[in-house]
Amino acid sequence: MPGRLKIVTLGHRFTVAFAGAADPAHLAVKEAAKLVALKQFEHAIECLKSWSNKHDIDFITASHQPRARLCRIRRGVALDIPDICSIGDTSPFHSQVEAARISTEDGPLRQSNLRSRFIDRLLTNKNLGDVIGGFPTAVEATSAGHRYLTCSGFYTYKFPTMKSGQEIHQSVEEVYSGEGHFQLSVMPIIKSDIPVMGVCLLQARTGYVYSPLLRPSGRSIKLLDRTEWEGYETEMYRTLQKAMDEEVETLSRMFPKQFVITEKTQADRI
């Protein structure tokens, strides 16, 4: 923590996700966001193609301008995808993707269990190697709007007995023993098409606000000024929500045509 938010809603029902070199990818997303703000969506695709060709970055874009379009960008080439695609090191998730593709031949993809199977693989760290990790983040992209989805997970662990200067290695069975646990909750804002998301770690009494167009990494928020945390969950969630609302308001001032906060949106948050 905090890391980078690798899927970013840029407004106007246009979302981009990336895998690869994080620093140039962040710059690419910010450059594409300026073009999306002008509703120059094809130019935004060309921008991402250029960054992908020059750097080790893959992109996926999802848009509804006006038709639904899913596009994968790799090595400077854009390819429209009819159903499912993945970027970066795709080998650990190949079986999940193929199973979902087969299971949805007679029904909509959103009714498959692909999302839950992906999250399970990511959180259990099964055969992911050294470069895949983090917490799962999902965006629902529809013609009505693109918005982050709520996601909560419980991590279990076992504290090893350690001595100063000693290196300890634990098996997967020991790590996921269930002797200790903490909860990680992804908290989206209600408003669609705004790139702001919160993450809450209750046991650590700490939250993070991600707003990639304002800063590349998450901003740490102290949620509670006391040792114990049980019984104060609602207070911590409210503190994080307030920080997220402030971030949204900052974005709306900086990009007034791209990220609009209506009176109805304010009332919904209250």
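Which residue forms a salt bridge with Asp80, the closest N and O atoms being 2.9 Å apart? It is Arg69. A salt bridge here is a side-chain nitrogen of Lys or Arg within 4 Å of a carboxyl oxygen of Asp or Glu.

Colleagues, this is a predicted model, in which local features need pLDDT of at least 70 and side-chain atom pairs count only at pLDDT 80 or more, while totals for chains, interfaces and linings use all residues. Residues are numbered from 1 along each chain as its sequence is written, and side-chain values use heavy atoms, with hydrogens and water left out.

Asp80 lies in strand E5 and Arg69 in strand E4, so their pair ties together parts eleven residues apart in sequence. Helices (H or I, at least four residues) and strands (E, at least two) are DSSP runs, numbered from the N terminus. Arg69 is buried, at 18% relative accessible area, whereas Asp80 is partly exposed at 38%. Buried means under 20% relative accessible area, exposed over 50%, and partly exposed in between, with a 1.4 Å probe and protein chains only.

Asp80 also meets Arg67 in a salt bridge, at 3.8 Å from N to O. Arg67 sits in the loop between strands E3 (57-64) and E4 (68-74), and is exposed at 52%. Together with Glu42, the residues Arg67, Arg69 and Asp80 are linked in a network of salt bridges.

The structure holds eleven salt bridges. Another of them joins Glu247 and Arg215, at 2.0 Å from N to O. Glu247 belongs to helix H6 (residues 233-254), and Arg215 to the loop between strands E11 (206-210) and E12 (219-222), 32 residues apart. Glu247 is buried at 4%; Arg215 is partly exposed at 25%.
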